[in-house]
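Thanks for coming, everyone. I'll keep this brief, so please have the structure open as I talk.

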Amino acid sequence: MGAYRNNIDAVRALVRDSEVHRDVYIDAEVFDLEMEHLFPNSWVYIGHASQLAKPGDFITATIGRQPVLATRHSDGSVHVLFNRCPHKGVKIASEACGNTGKFFRCPYHAWSFKTDGSLLAIPLKKGYESTGFEESPASIGLTPVKHVKIYRDFIFAKLNDGGLSFEDYFGESLSTIDNMVDRSPEGKLVVQAAPIRYMHTCNWKMLVENQTDTCHPMVAHESSAGTAVKVWTREKGDSTDTPMAVQLYAPFMSPYEFYEKSGIRIWPNGHGHTGVSNSIHSDYSQIPGYFDKMVATYGEARAKEILGETRHNTIYFPNIMVKGPVQILRHFIPIAVDKTLVESWVFRLVGAPDMLYERALMYNRFINAPTSIVGHDDLEMYERAQEGLRSNGNQWVNLQRLYEDGEKSDVTEVINGTSERQMRNQFHAWVKFMTQDMTERAEAAE
Amino acid sequence: MNEKAIADFVYEEARLLDAMQWEGWLGLYHAEARYWVPLEWQQQDPVLQPSLMYEDVLLLKVRVERLSGERTFSQKPKSRCHHLLQAPQIVECNAETGVFKARTSFLYTETRGDTLERYSGWASHELIAIDGAFKIKLKRIDLINFDAPFGNIQLFM
């Protein structure tokens with residue numbers, strides 16, 4: 001018997017004002033409850049509509065542990081469906097993406113479905129006559145996920161009926177997606193490439209927290225970014241142009257004061273971002289021709305406003321991070337309590353010069369890849385944490401930096417950029433969406 | 001500058017890597033060289049298609065210098081590697097045009113602490129001859145499972 005199932009108070013007790021119990025990272029039952037409650041209660045990212053360019057295109061995804069697929073129907077509509085044949089449960093789509101043509105066909109008994117999920121045909125249909133089949137849920141076809149929202153081509157879904165609407169869940173945090181889309185002179189993003197994938201042997205939340213942790217880069221990344229700066233300083237000779245590569249690495253070595261001033265903004269429901277007034281993305285070289293294209297679309301004032309927003313990492317709780325200035329979305333997909341798959345996607349800004357896409361791809365392989373030296377620094381820390389947390393020396397993880405008594409939850413605020421407030425914000429949301437559909441059992445606390 | 005010399009060069013590169021003689025290994029690369037690990041099957045474009053690595057000599061120097069850094073925590077303990085090469089297949093050996101190319105099937109093993117990871121694929125070398133010695137212009141590593149989610153790959157294939 002585990003300690004947490006059917007024990008809402010024990011789950012709540014894992015999170016205190018400025019610390020969390022280690023079990024949120026290392027306890028397998030807590031992980032199971034996240035899959036059963038936290039993810040189904042949250043709006044979860046499925047993919048981008050540009051991945052479904054033509055009718056019949058599909059992508060597969062999971063919400064918690066549940067397999068789903070998203071498809072483009074012949075009328076242009078997008079549908080998110082449970083990836084399960086209503087007959088015997090066989091997964092309908094097994095690949096990450098593809099085109100199914102006019103219909104999906106189950107490989108087991110050839111039940112087939114239209115690209116909106118509705119049942120098209122069953123072999124030997126007569127066998128179902130007078131069986132009451134039309135009353136069965138199988139007669140509908142692939143079960144639709146009821147709560148789906150496509151926001152500026154970003155597809156989100158929520159499995160559970162209860163909880164917040166899409167708008168109430170994300171609120172003002174959508175401004176980061178808005179800004180990333182607006183960076184295209186045509187107001188449009190496309191996914192053209194497969195993601196870089198990276199397997200982390202640690203809990204998924206360690207990665208999410210790291211996105212707004214501004215006190216680790218100058219320490220953990222001294223080995224990679226610090227060495228890059230050192231080697232360039234030594235080797236540059238008379239060169240006056242800093243290579244794109246060095247421009248991407250160098251800001252990771254910015255001092256604490258830089259991050260303090262650049263600020264963090266928190267939003268309700270666990271969302272938040274670093275880099276409010278300035279960020280590690282602020283000082284890249286201009287891409288020739290880009291600003292002119294932006295001015296032609298938006299006018300000079302608005303173009304400056306869009307490009308002046310250089311937010312660093314935006315967390316969309318629970319498990320994606322969006323990086324507008326380099327058009328990257330990282331998806332932290334939980335596999336097990338100590339195993340997380342990262343998919344790092346790059347968007348191309350439609351109508352922008354190639355060099356912007358080149359820079360985004362370069363950033364992605366320099367920072368987010370299993371072959372990235374910056375990535376090596378981070379993963380090493382997560383793995384050591386995953387092991388170290390087993391120590392009984394102290395069972396609590398401290399999130400106290402710049403904590404103030406009476407700190408409010410579910411508010412919008414801009415704060416000192418080295419605060420751990422966004423992590424506290426996430427854990428407040430974690431408790432909220434973990435317990436939203438758990439039953440109260442006062443007696444279970446004993 | 002014959003076919004055997006190309007094959008010997010490929011073996012020597014692997015020997016230097018396995019011996020962790022990084023400086024000697026870097027010395028095999030031309031100043032304008034690229035080290036490329038594609039992320040797509042039969043990938044053509046390293047710049048506008050995603051790659052796992054596409055690095056110039058400056059970036060390779062950063063990697064090498066980092067490996068021995070005092071604060072390179074992902075190298076405590078250190079990684080080691082082993083290349084098992086099939087005989088290189090000579091794709092081109094033309095002293096007149098100065099184009100020398102080989103393709104070598106490999107098994108690559110990287111180990112650190114108690115973990116051991118194995119990768120397999122094909123290494124393509126594009127060499128030029130300078131003063132009677134080969135230098136690498138392009139080394140391309142095509143993994144059979146380029147799209148798999150790997151853990152840290154810290155050394156060189």
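Which residue forms a salt bridge with A:Asp178? It is A:Arg152, with the closest N and O atoms 3.2 Å apart. By salt bridge I mean a side-chain nitrogen of Lys or Arg within 4 Å of a carboxyl oxygen of Asp or Glu.

Some ground rules. This is a predicted model, where local features need pLDDT of at least 70, side-chain atom pairs count only at pLDDT 80 or more, and totals for chains, interfaces and linings use all residues. Residues are numbered from 1 along each chain as its sequence is written, chains are lettered from A and ligands numbered from 1 in the order in which they are written, and side-chain values use heavy atoms, with hydrogens and water left out.

Back to that pair. A:Asp178 sits in helix H5 (residues 175–182) of chain A, and A:Arg152 in the loop between strands S10 (147–151) and S11 (154–158), so the pair ties together parts 26 residues apart in sequence. Helices (H or I, at least four residues) and strands (E, at least two) are DSSP runs, numbered from the N terminus. A:Arg152 is partly exposed, at 34% relative accessible area. On that scale, buried is under 20%, exposed is over 50%, and partly exposed is in between (1.4 Å probe, protein chains only). A salt-bridge network links A:Arg152, A:Asp178, A:Asp182, A:Arg302 and A:Glu305.

Over all chains, the count is 35 salt bridges. Another one joins A:Arg5 to A:Glu36 at 2.8 Å, N to O. A:Arg5 lies in the segment before helix H1 (8–12) of chain A, and A:Glu36 in helix H3 (residues 28–41), 31 residues apart.

Now the two chains. Here 33 residues of chain B are in contact (heavy atoms within 4.5 Å) with 40 residues of chain A. Together the chains bury about 3,100 Å², 59% of it on carbon and sulfur atoms. Buried area is the accessible area (1.4 Å probe) that two parts lose on being put together, summed over both.

How many salt bridges cross the interface of chain B and chain A? Six. One of them pairs B:Arg66 with A:Asp377 at 2.9 Å, N to O. B:Arg71 also forms a salt bridge with A:Glu222, closest N and O atoms 2.9 Å apart. That pair runs from the loop between H3 and strand S3 (79–85) of chain B to helix H8 (residues 222–235) of chain A. B:Arg71 is partly exposed at 46%, and A:Glu222 is partly exposed at 29%.

Look at helix H3 of chain B. Nine of its 11 residues are buried, so the rest of the structure largely encloses it. Among them are B:Leu58, B:Val62 and B:Arg66.

Last, chain A by itself. The domain assignment, automatic or from a database, gives domain 1 (44–151) and domain 2 (192–432). Their C-alpha centres lie 35 Å apart. The contact takes five residues from domain 1 and seven from domain 2. These domains bury about 530 Å² between them, 68% of it on carbon and sulfur atoms. On the domain 1 side, A:Val44, A:Tyr45 and A:Gln51 lose the most area, together 70% of what that side buries.
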